[in-house]
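Okay, thanks for coming, everyone. Let me put the thing up on the screen, and then I'll walk you through a few spots.

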Amino acid sequence: MNTDTHSSNQSSPDSARSPRSLWSLAAYRNWFIADTSDVFAVSLRTFVIPLIGLALSGSTFVSGLLVTVESAIGLVLMSIGGAIADRHDRRRLMILLGLVGMCLSLATTVLLAADMMDTMMFALFVVLFAVMNGLLGPSNDAMLKSIVPMERFAKAQAIREARESCVELSGGAIGGLLYRIAGWFPFLAATVLYLIAALTALMLPKKTSPTPEPEPEDASSANQQGDEQPTAPSFLTQFVEGWQWTLTRRTILAAIVQGAVINVACYGSIIGVQIMLAAQGTDAALIGLVGTATGVAALIGSLAAGWLVDHIPTGRLIILTFAVFTLAMIPLLFTDSYGVIVACMSVASLLFPALNAGELGFIYGRTPDHMQGRVSTVFETTIGVPGALTPALVGWLLQAPGLGFRAVMLLVVACAGLGLLLACVTSTRNIPLPAQWEQIEL
């Protein structure tokens with residue numbers, strides 16, 4: 001055991017100098033700044049798309065449809081982006097993501113500020129942003145496993161959850177305030193954020209292309225063949241391999257099914273509240289404060305996530321999270337009061353950081369490095385596509401005479417209850433504490 005640690009430290013000097021703190025790794029710091037800038041830019045854009053869509057078109061259905069278009073296209077392309085991230089230099093892909101995001105955000109800013117944007121043109125930009133996120137976004141996630149030692153990957157995942165909570169906490173409020181100043185202001189802020197992401201990605205280590213781990217038989221074959229170089233697999237082969245590997249892991253498949261159902265409930269509640277409040281003429285800053293309240297709850301949950309994951313088996317934590325979410329949504333079947341909405345959405349967000357730290361930490365921690373990009377994107381795509389289609393359905397339900405918001409919440413509660421049932425009967429319920437993760441097969 002000591003010998004392995006010594007040899008690992010020799011090959012990874014940064015890890016040797018900083019056995020405890022991830023922040024002492026320069027590569028991690030630069031990755032974190034780049035990834036956070038990208039996540040914050042996406043948060044601002046996600047917040048204002050339905051608001052600008054509603055302002056340009058005057059239709060709640062079109063507003064929801066724009067959110068669906070961005071989410072669905074991004075998720076469908078994400079699995080291709082994962083294969084790209086596993087074949088090409090992840091640093092260059094992150095730089096390209098920052099540059100493309102900056103150009104698109106700047107163009108959107110100029111057109112909105114000049115009052116030259118209409119619904120169809122805005123929809124085109126939404127599509128371009130979705131293509132960018134789908135093809136280049138997975139490089140950020142895949143890069144993390146390339147620069148963080150395996151023994152600290154769970155810690156890095158927990159830090160990401162805290163970061164996500166902080167972005168959620170501030171993203172809605174800042175987005176609402178910026179939108180209140182001018183509809184184009186959030187895109188101007190996104191332009192600056194993407195520039196920061198590109199500059200910090202430039203400072204990442206240059207050699208970040210993943211090296212496939214050879215199978216035992218490949219190693220022996222290489223010894224017999226001498227200096228012969230193995231032929232690199234084709235893009236299509238790697239793409240198909242990613243889907244096959246992911247969907248043949250029983251626990252990942254169970255997590256995908258229940259996650260897809262819960263995502264419909266989550267998207268339905270978030271977008272339903274946002275569009276409903278906007279259609280009622282609620283101030284954009286107040287709409288943003290709903291996100292701030294849920295962000296505060298998620299931040300509190302993320303601070304407790306480490307303790308919860310260490311003391312409650314991950315399978316039970318998943319069940320507990322879904323149960324709390326379901327119960328929190330029930331009051332919204334009977335009221336659309338702003339105060340009740342804030343309270344219910346906040347309670348619903350409390351345990352998701354712990355669930356993500358546990359479930360995603362287990363799945364990605366047990367996934368080989370050379371499969372990270374493909375597995376994470378297949379996982380996110382399959383979970384996200386049903387949720388991505390939800391905003392259009394929500395926009396249509398909000399127009400239903402006599403039902404409106406209640407119809408949306410009926411959908412949310414039904415899906416939340418089904419997700420809870422699946423968590424109780426599928427193999428994810430058997431995921432143990434992190435100390436036993438290595439003994440459990442995916």
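**A loop, a helix and a patch**

So, Asp115: at 69% relative accessibility it counts as exposed, where exposed means over 50% relative accessible area, buried means under 20%, and partly exposed is in between, with a 1.4 Å probe and protein chains only. Quick housekeeping: this is a predicted model, so to speak, where local features need pLDDT of at least 70, side-chain atom pairs count only at pLDDT 80 or more, and totals for chains, interfaces and linings use all residues. Residues are numbered from 1 along each chain as its sequence is written, and side-chain values use heavy atoms, with hydrogens and water left out.

Back to Asp115. You'll find Asp115 in the loop between helix 5 (90-113) and helix 6 (119-136); helices here are DSSP runs of H or I, at least four residues, numbered from the N terminus. What is phi doing at Asp115? Phi of Asp115 is near 60 degrees, a positive value in a residue that isn't glycine. For context, most residues other than glycine have a negative phi.

Next, helix 11. Helix 11 covers residues 235-247, 13 residues, which at 1.5 Å a residue should span 18 Å, and the end C-alpha atoms are 19 Å apart, which agrees. That expected span is 1.5 Å times one less than the number of residues. Which residues of helix 11 are buried? Gln238, Gly242, Trp245 and Thr246. Looking down the axis of helix 11, the buried residues fall within an arc of 90 degrees, so they line one face; the arc is taken from the directions from the helix axis to the C-beta atoms. Over on the other side, Leu236 and Gln244 are exposed. The cover for the buried residues of helix 11 includes helix 4, helix 12 (250-279) and helix 17.

Pro233 counts as partly exposed, at 37% relative accessibility. Leaving aside neighbours within four places in sequence, Pro233 is in contact (heavy atoms within 4.5 Å) with Arg87 and Gln238. Pro233 and Arg87 are 146 residues apart along the chain, with their C-alpha atoms separated by 9.6 Å.

Last stop, Phe61. Phe61 is in helix 4, and Phe61 is partly exposed, at 32% relative accessible area. Helix 4 (60-87) and helix 17 (372-398) each supply at least two residues of a nonpolar patch.
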